[in-house]
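Work through the exercises below with the sequence and the 3D view at hand. Each task is followed by a solution in steps.

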Amino acid sequence: MNIDFSKNAKEIARDFSRLTNNFSFDYKGLAEELRDSKDMRKLALHWLRVVASTSYRTDGRNEIAKRRGQELAEVSFIKKKIENLKEDVKMVEICNEISYDHKTLQQTFSKFVFYYIFLTATKKQQEQLIDRLGERFYLLPLI
């Protein structure tokens, strides 16, 4: 699968778009592949900030991602990470590009990001997420 964060923002967004525009998108495999990526950690938090914002444009295809993103952004350890998130122009540009994608692709990308956040959380944080949001909170319907 491989996402190369050394590319420019448009190319990275295009790579994510290409991957998510597939019924057999392996979000778990990609999350495992990027598990230790500092860039992916930053991108995940930047995307969560986008999805959870009141200005995020939704319709029936991605409104569940928005609601779930808002719930995730209120979990204490995630809220703290978002509050301490340093602005990263490249990550913001990637998020902007993805936010112009088809709403279904945004929903699929959000599922991947939510799972990535779960995967990279500590065991204690994972338990907190499950207690608050449910065991498979990251699953979003494919529309």
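## Exercise 1: A charged pair and its surroundings

The side chains of aspartate 15 and lysine 7 form a salt bridge, with N and O 2.8 Å apart. The model is a predicted one.

Task: Decide whether aspartate 15 and lysine 7 each count as buried or as partly exposed.

Solution. 
- Step 1. The cut-off for buried is under 20% relative accessible area, and exposed means over 50%, with partly exposed in between.
- Step 2. Aspartate 15 has a relative accessibility of 11%, so aspartate 15 counts as buried.
- Step 3. Lysine 7 has 30%, and therefore counts as partly exposed.

## Exercise 2: Two further salt bridges

Task: Find the salt-bridge partners of glutamate 71 and glutamate 74, and state how accessible these residues are.

Solution. 
- Step 1. Side chains of opposite charge can pair when their charged atoms come close.
- Step 2. Glutamate 71 pairs with arginine 68, at 3.1 Å from N to O.
- Step 3. Both glutamate 71 and arginine 68 belong to helix 4, where they are 3 residues apart, about one turn of the helix.
- Step 4. With 36% relative accessibility, glutamate 71 is partly exposed.
- Step 5. Glutamate 74 pairs with lysine 79, and their closest N and O atoms are 3.4 Å apart.
- Step 6. Glutamate 74, at 41%, is partly exposed. Lysine 79 is also partly exposed, at 32%.
- Step 7. The search of the whole structure gives 9 salt bridges.

## Exercise 3: A buried valine

Task: Which helix holds valine 51, and which residues does valine 51 touch?

Solution. 
- Step 1. Valine 51 is part of helix 3, residues 38–52.
- Step 2. Its relative accessible area is 0%, so valine 51 is buried.
- Step 3. Beyond residues up to four places away in sequence, the contacts of valine 51 are Tyr56, Ala65, Lys66, Gly69, Ser110 and Phe114.
- Step 4. Glutamine 107 is 56 residues from valine 51 in sequence, while their C-alpha atoms are 9.7 Å apart in space.

## Exercise 4: The whole chain

Task: How many helices and strands does the protein chain have, and how does its radius of gyration agree with that of a compact globule?

Solution. 
- Step 1. The chain has 8 helices and 0 strands.
- Step 2. A compact globule of 143 residues would have a radius of gyration near 15 Å, and the chain has 14 Å, which agrees.
- Step 3. The C-alpha atoms fill a box of roughly 35 × 30 × 30 Å along the principal axes.
- Step 4. Of the 143 residues, 49% count as buried.
- Step 5. Among contacts between residues at least 6 apart in sequence, 78% join residues at least 24 apart.

Terms used:
Residues numbered from 1 in each chain as written. Predicted model: local features only at pLDDT ≥ 70, side-chain atom pairs only at ≥ 80, totals over all residues. Heavy atoms only, no water. Helix = DSSP H or I, 4+ residues; strand = E, 2+ residues; numbered from the N terminus. Rg over C-alpha atoms; globule rule 2.2 N^0.38 Å. Buried < 20%, exposed > 50% of the residue type's maximum accessible area, 1.4 Å probe, protein only. Contact = heavy atoms within 4.5 Å. Salt bridge = Lys/Arg side-chain N within 4 Å of Asp/Glu carboxyl O.
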